[in-house]
Amino acid sequence: MGAVLLIYMTQAISGLWLRSRRVHRIKPLIRTGHLWGGWSLVALVLLLLGIGIVGTLGHFGSLGHSAHLGFGLL
């Protein structure tokens with residue numbers, strides 16, 4: 001979870017910086033880092049989603065045991 005929060009912050013900062021520099025030449029290293037961070041974030045979120053689903057199914061036997069599923073889908 002800490003890694004996800006760190007990547008969110010890094011994505012926000014580098015995204016705002018890239019947006020402000022759009023008129024000027026963008027450094028390839030910053031853009032590449034921003035893209036890698038985004039793909040890493042997607043991978044981490046999907047990994048945590050998979051772990052949560054498997055853990056919930058193993059513990060409760062179904063995903064609809066509480067309102068958490070409805071709020072998550074919303």
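## Ground rules

The model is predicted, so local features need pLDDT of at least 70 and side-chain atom pairs count only at pLDDT 80 or more, while totals for chains, interfaces and linings use all residues. Residues are numbered from 1 along each chain as its sequence is written, and side-chain values use heavy atoms, with hydrogens and water left out.

## Overall fold

The protein chain has three helices and zero strands, running α-α-α from the N terminus. Helices here are DSSP runs of H or I with at least four residues, and strands are E runs of at least two, numbered from the N terminus.

The C-alpha trace spans about 55 × 20 × 15 Å along its principal axes. The radius of gyration is 17 Å, whereas a compact globule of 74 residues would be near 11 Å (taken over C-alpha atoms; the globule rule is 2.2 Å times the number of residues to the power 0.38).

## Buried and exposed

L41, in helix α2, is buried because its relative accessibility is 11%. L63 sits in the loop between α2 and α3 and counts as partly exposed because its value is 32%. The C-alpha atoms of L41 and L63 are 24 Å apart, with the two residues 22 apart along the chain.

## A nonpolar patch

The accessible surface comes to about 6200 Å², with 72% belonging to carbon and sulfur atoms (Shrake-Rupley method, 1.4 Å probe; for residues, only the protein chains shown count as cover). On that surface, L35, W39, V42, L46, L49, I53, L57, L63, L69 and L73 form a nonpolar patch with about 950 Å² of accessible area together. Patch members have over 30% relative accessible area and no salt bridge; nonpolar side chains (Val, Leu, Ile, Met, Phe, Trp, Tyr) are joined within 5 Å, like charges within 9 Å. A salt bridge is a Lys or Arg side-chain nitrogen within 4 Å of an Asp or Glu carboxyl oxygen.

α2 (28-60) and α3 (68-73) each supply at least two patch residues, and α2 gives the most, with seven.

## The largest pocket

The largest pocket holds about 370 Å³ of space. Its lining includes L49, I53, L63, L69 and L73. The largest share of the lining, five residues, comes from α2.

A pocket is an open set of points on a 1 Å grid over the protein atoms alone, where a 1.4 Å probe fits, with protein on both sides within 12 Å along at least five of seven lines; lining residues have an atom within 4 Å of a point. Grid points are joined across faces, edges and corners, and the volume is the space filled by probe spheres set on them.

Conventions. Buried means under 20% relative accessible area, exposed over 50%, partly exposed in between (1.4 Å probe, protein chains only).
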